[in-house]
Amino acid sequence: SALPGFSQKADLTAEDAIRYINEKIKGIAEIKNERGEMVITFYEKGKLNRTDKVPFEKLNPEMVEYFPDEKAIVLKCIEKDCIDRKITRPKTYGQFSRISISGDFDKKTQMGLIHAFEHLLMLFYDTKYKSNKAFER
């Protein structure tokens, strides 16, 4: 089946955005929607490295960016320290203001991920928001 977020008529759902994002960040991280909270699990060499948790509506849909120097897609809190981070080894916990997903993404994938994350966050930020615009344009 075709990956969601290309061309289609129906409005794209949160699940469509999550499926698209997970396909693109496979092996690096995985995101889930757990009762309105984004849970993002990061892997290093196939092992669980850290887990970030944040209610979707606490992330800023207008501040999703790609930072070339970090080779990362970055999500930012609307107000600081909205992200609960748990690092596996050494075991540490903390509150953070941004999530960065590093990967060697080509230009099309960078833009696709930005659009998919913006869409996903907008769905939680504004309940009236709808879009059927493809993530990759």
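Reader: What makes Cys77 and Cys82 count as buried or exposed in this predicted model?
Author: Buried means under 20% relative accessible area. Cys77 falls in that class, and Cys82 does too.

Reader: How do you know that Cys77 and Cys82 form a disulfide?
Author: The rule asks for cysteine sulfur atoms within 2.5 Å. Those of Cys77 and Cys82 lie 2.1 Å apart, so the pair qualifies. By this rule the model has one disulfide.

Reader: Why is the disulfide of Cys77 and Cys82 called left-handed?
Author: Its S-S torsion is about -90 degrees, therefore it is left-handed.

Reader: How do you know that β3 and β6 pair?
Author: Pairing needs at least two bridges found by DSSP. Strand β3 (residues 47-55) and strand β6 (residues 83-87) have four bridges, so they pair, in the antiparallel sense.

Reader: What makes up the largest nonpolar core?
Author: This core has 32 residues. Ile21, Ile31, Met38, Ile99, Phe117 and Leu120 have the most contacts inside it. Elements giving two or more residues include α1 (14-24), β1 (29-34) and α2 (107-125). The largest share, six residues, comes from α2.

Reader: Which residues does Leu120 contact, leaving aside neighbours within four places in sequence?
Author: Leu120 is in contact with Ala14, Ala17, Ile18, Ile21, Ile31 and Phe56.

How values were computed. Residues numbered from 1 in each chain as written. Predicted model: local features only at pLDDT ≥ 70, side-chain atom pairs only at ≥ 80, totals over all residues. Heavy atoms only, no water. Core = buried A, V, L, I, M, F, W, Y, C linked by side-chain atoms within 4.5 Å. Buried < 20%, exposed > 50% of the residue type's maximum accessible area, 1.4 Å probe, protein only. Contact = heavy atoms within 4.5 Å.
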